[in-house]
Amino acid sequence: MKPNKLPGAGGLKKMLRRQMRTRLGAMPPEERAYASLEICRRAAELPVFQDAKAVALFAPLATEPDIHPLIEEAWACRKQVVFPLMSRVDDVPRLAWHAVKSWDEVIVHGPFGVREPDPALCPRVNPLALDCIFVPGLAFDERGDRLGRGGGYYDVALTEFDVGTPRIGLMFACQQTESIPRDTHDQMVELVITEAGILLAK
């Protein structure tokens, strides 16, 4: 009888993604709304956000923290707000960053059902010109490792930012996990914001 093989990093990530989707699906709407506001408040109070002139954000999915208030705070403070636009170049997942001035310019639906900027209306921005980047994820751990949705877009995109650009993960507290399997191409964040507090990567 052959012994059962332990799943590799890819298999463990798939299991963890299923677990996180189950947790997110179980969150009551009122808890999700309260937690989202707390996450936005904590993010807006970060010195790196307050000092930034250009910020990378994203249009959240229904299961992600609702960061509309954070985006609107950035607009109100006259910051340049950029959203990612997904594509594949030679079968490599890529994110292009486009400046967005209002929700009317966020109309294109990309992979995973993500709302994206309309490239006809939103000028492209060099990632080296951005002061900080807020990163979504299905899970983060205390080391700053991130579990994405499997497309690899952010892992490629984060290599294109200046090495000193702050990377800030956003998630609900229920998405924190003890350890995320790491592949060589996986990118990390310096801190993660949840409704329960701010986690500094170890």
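Residues are numbered from 1 along each chain as its sequence is written, and side-chain values use heavy atoms, with hydrogens and water left out. Because the model is predicted, local features need pLDDT of at least 70 and side-chain atom pairs count only at pLDDT 80 or more, while totals for chains, interfaces and linings use all residues.

Helices (DSSP runs of H or I, at least four residues) and strands (DSSP runs of E, at least two) are numbered from the N terminus. Helix α2 spans residues 29-44 and helix α4 spans residues 68-76; their axes come within 8 Å and cross at roughly 30 degrees. The axes are lines fitted to C-alpha atoms, for helices over the stretch in contact, and the angles run from 0 to 180 degrees between N-to-C directions. The two helices α2 and α4 are therefore roughly parallel to each other; angles under 35 degrees count as roughly parallel, over 145 as roughly antiparallel, 65 to 115 as roughly perpendicular and the rest as oblique. In this contact (heavy atoms within 4.5 Å), L37, C40, A43 and A44 of α2 meet P69, L70 and E73 of α4. The residues of the contact of α2 with α4 comprise six nonpolar, no polar and one charged. In this division, Ala, Val, Leu, Ile, Met, Phe, Trp, Tyr, Cys and Pro count as nonpolar, Asp, Glu, Lys and Arg as charged, and the others, Gly among them, as polar.

Within α4, the buried residues are L70, I71, A74 and W75. Seen down the axis of α4, these buried residues fall within an arc of 140 degrees, so they line one face of the helix; the arc is that of the directions from the helix axis to the C-beta atoms. Buried means under 20% relative accessible area, exposed over 50%, and partly exposed in between (1.4 Å probe, protein chains only). The buried residues of α4 pack against α2, α3 (47-51), β2 (80-89) and β7 (132-135).

Strand β2 contains V81, which is buried, with a relative accessible area of 1%. Leaving out residues up to four places away in sequence, V81 touches V55, L57, I71, A74, W75, H98, A99 and V100. Although V81 and L57 are 24 residues apart in sequence, their C-alpha atoms are 6.7 Å apart in space.

The loop between α4 and β2 holds R78. This residue has a positive phi of about 60 degrees although it is not a glycine, and R78 counts as exposed at 82% relative accessibility. A positive phi is also found for D91, with a value near 65 degrees in a residue other than glycine. D91 lies in the loop between β2 and β3 (92-99) and is exposed, with a relative accessible area of 60%.

D91 also takes part in a salt bridge with R88, the closest N and O atoms being 3.3 Å apart. A salt bridge is defined as a side-chain nitrogen of Lys or Arg within 4 Å of a carboxyl oxygen of Asp or Glu, and by this rule the count comes to 11 salt bridges. R88 is partly exposed, with a relative accessible area of 44%.

Another salt bridge joins E38 to R42, with the closest N and O atoms 4.0 Å apart. Both E38 and R42 lie in helix α2, four residues apart, about one turn of the helix. E38 counts as buried at 16% relative accessibility, whereas R42 is partly exposed, with a relative accessible area of 21%. E38, R41, R42 and E45 are linked in a network of salt bridges.

The side chains of E64 and R149 likewise meet in a salt bridge (3.6 Å, N to O). E64 lies in the loop between β1 (54-56) and α4 and R149 in the loop between β9 (146-147) and α5 (153-157), so the pair ties together parts that are 85 residues apart in sequence. E64 counts as buried at 8% relative accessibility, while R149 is partly exposed, with a relative accessible area of 23%.

Finally, T165 is found in the loop between α5 and β10 (167-170). At 5% relative accessibility, T165 counts as buried. Apart from its neighbours within four places in sequence, T165 is in contact with L130, D131, C132, I133 and E190.
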